[in-house]
Number of protein chains: 2
Amino acid sequence: MPSEGDIQTMATLSYAIIGTGAIGGFYGARLQQAGCDVHFLLRSDYGHVRQSGLKVDSIEGDFALPQVKAYRDPAALPPVDVAIVALKTTRNHQLCELLPQIKPGGAILSLQNGFGVEGAIAQQLTEKNLPIPAILGGLCFICSNKVGPGHFRHLDYGRILIGAHQETQQPCLPTTLMKSIVADFTLASIEVATTDDLPMARWQKLVWIVPFNGLSVVLDATTEAMIADEGVRSLITNLMQEVVTLANAWGKRHSPSFPRQLSGDIITKMQTHTETMPPYRTSMKIDFDESRPLEIETILGNPIREANKLAVPVPNMQMLYQQLSFLMSGNCSK
Amino acid sequence: MPSEGDIQTMATLSYAIIGTGAIGGFYGARLQQAGCDVHFLLRSDYGHVRQSGLKVDSIEGDFALPQVKAYRDPAALPPVDVAIVALKTTRNHQLCELLPQIKPGGAILSLQNGFGVEGAIAQQLTEKNLPIPAILGGLCFICSNKVGPGHFRHLDYGRILIGAHQETQQPCLPTTLMKSIVADFTLASIEVATTDDLPMARWQKLVWIVPFNGLSVVLDATTEAMIADEGVRSLITNLMQEVVTLANAWGKRHSPSFPRQLSGDIITKMQTHTETMPPYRTSMKIDFDESRPLEIETILGNPIREANKLAVPVPNMQMLYQQLSFLMSGNCSK
């Protein structure tokens, strides 16, 4: 381990990237470029990446990594400090078979979308009688696509917000490990911050994801087209309001004695922000267009199950979930 | 006028068909075949129909009418007893310019879908200071398509339910004119009945139309595919329940002293019936596929406005309306 004086200038941790796609590929490549020891788990791109490495076209500067540590067999992965899970959540049922050994004091860091992701990982490890390391969640605010084997295009943004999962769902201060991860990401020129309240941060991100990801598939539309239409904007407001009401009810139920509430102007702010974004095809729309399963369970199913527990009515989220389930079943069977 | 003894065997009334499409063309042709004096108003098919007449392929027997009274100019239509309005409701703003003179004791009979259609016709005539004849509404339970110029295909069903529009929205007994219309339609082998309560009959039909027409466009699906999917079936149930609750609130508000309510088992009955129907592309889906405007104002907009007046929450109907408006604006601008 480096001494205190080195911590801002030298990478400290080893990483496994479980799912080398648009998110895992980009962040993993940047970590390796910054000097971290990074191990990439791949499926279809394994041969290409082992031969030719990774390539990133980024608004912050293009770069290539001709040599990376690529793995097809999860069992071949060495023990690491941090396993970054960047699979689609639709593959999470396989996660236990894909994870490497985590070194003492290490963690699993899920960079996935939706609610209940960390809890589900913990539950899966418990069910298989596997050791449970610290589980962290990272919310990525990034536009990044995979454009070819081992080839990623970083279009905009890139910020990550990291928080710790607690079985109690309570807030908690950043751990030493989280600070080291922040140091590595900072070294890799990735804007990174920590949150004391991972669940509320996940709810906050869902305020945007639920309407825009969901409706982009049902309406076959970009963010720009949706926000410009008066009726859809009103529907987006209704959906956002359902998520906010649900999030606040959840925050109150889990911490009756102190307020864990989303900020009151979040809906206005998110809509105004979306107006200034470039036209954007959401990740769910990209999945749909490429006939992949949609992440509807973590983005809509889990939140709706929380709503049912809390007796919060979410009729528009429910309708969106039913529509997406139908469209997905037709799309994937084609 | 024929004597009482003749009424079941001889046609009595003259008709103008305003909108010679899948509905107007089929019923008008059958009325003429039965001996009625029928005048057809046409747009694009005028030349063809004037030359070659009408052709009907029907499960009840094919027939052709080589000669029909065809009109392109509404002003050329003679005065008639009954003007059958079978335009898409999206063209209703032009209706005053298309109507012929109605003979004393005659009526306008709207065979259109949705809620508030008759009231809107009365209002339009009032605004233009035109005389207001009796206004009737007819609910058609029929699968019929236009397959070419002046050529219609009658696939299934065919029943019509006729009721009188009252400005007060109160029930009323069938008029003498309605009985004559029933006699003519019966002579034309069309299954026909009258209702004392046109608004509640319209609500009842909307219980089916709202979910199946609306979702068929959003989900790009037939009735068969929708009813077979568990999630969509649950959504259909929710939408149907919203219409039933709204209808019953409307019935109670307009007649506080006696119950005007839809039957309690209507949702189960309609769903079971739909399961036994052949796979069916709804009229709204056909309009969408042919890039025509959708009848969303009479099928969803007017009901939602009634719901707002009655403070009945209809979140799923509202969402469907917003989705359809967006899809229509993109579809028609293509």
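This is a predicted model: local features need pLDDT of at least 70, side-chain atom pairs count only at pLDDT 80 or more; totals for chains, interfaces and linings use all residues.
Next I looked up which residues of α8(A) are buried. My list runs A:V232, A:L235, A:I236, A:L239, A:M240, A:E242, A:V243, A:V244, A:L246, A:A247, A:W250 and A:G251. I note that a glutamate, A:E242, is on that list.

**Chain A as a whole**

I looked up the secondary structure of chain A and found 12 helices and 10 strands. Its radius of gyration is 20 Å, and the globule rule gives 20 Å for 334 residues, so chain A is as compact as a globular protein of that length. Along its principal axes, the C-alpha trace spans about 50 × 45 × 40 Å.

How much of chain A is buried? I read 48% of the 334 residues. I also checked how far apart in sequence the contacting residues sit. Of the contacts between residues at least 6 apart, 71% join residues at least 24 apart.

**Two domains**

I turned to the domain assignment of chain A. Domain 1 covers 4-196, and domain 2 covers 200-333. Their C-alpha centres lie 25 Å apart.

Where do the domains touch? I found 17 residues of domain 1 in contact with 16 residues of domain 2 in chain A. On the domain 1 side, β8 (134-148) and β9 (151-164) are the elements that give two or more residues. By class, that side has five nonpolar, 10 polar and two charged residues.

**Chain A and chain B**

I then compared the two chains. A rotation of 179 degrees, with 0.0 Å of shift along its axis, superposes chain B on chain A. The RMSD is 0.1 Å. That is the relation of a two-fold axis. The same surface serves both copies, as 100% of the contact residues of chain B recur in chain A.

How many residues meet between the chains? I read 16 residues of chain B in contact with 16 of chain A. On the chain B side, α8 (230-254) and α12 (315-333) each supply at least two residues. The largest share, nine residues, comes from α12(B). By class, I noted eight nonpolar, seven polar and one charged residues on that side of chain B.

Conventions. Residues are numbered from 1 along each chain as its sequence is written. Chains are lettered from A and ligands numbered from 1 in the order in which they are written. Copies are superposed by least squares on the C-alpha atoms of residues with pLDDT of at least 70 in both. Two residues are in contact if their C-beta atoms, placed from the backbone, lie within 7 Å. Helices (H or I, at least four residues) and strands (E, at least two) are DSSP runs, numbered from the N terminus. The radius of gyration is taken over C-alpha atoms; the globule rule is 2.2 Å times the number of residues to the power 0.38. A residue is buried if 20 or more other C-beta atoms lie within 10 Å of its own, exposed if 12 or fewer, and partly exposed in between; C-beta atoms are placed from the backbone. Ala, Val, Leu, Ile, Met, Phe, Trp, Tyr, Cys and Pro count as nonpolar, Asp, Glu, Lys and Arg as charged, and the others, Gly among them, as polar. Domain bounds come from an automatic or database domain assignment.
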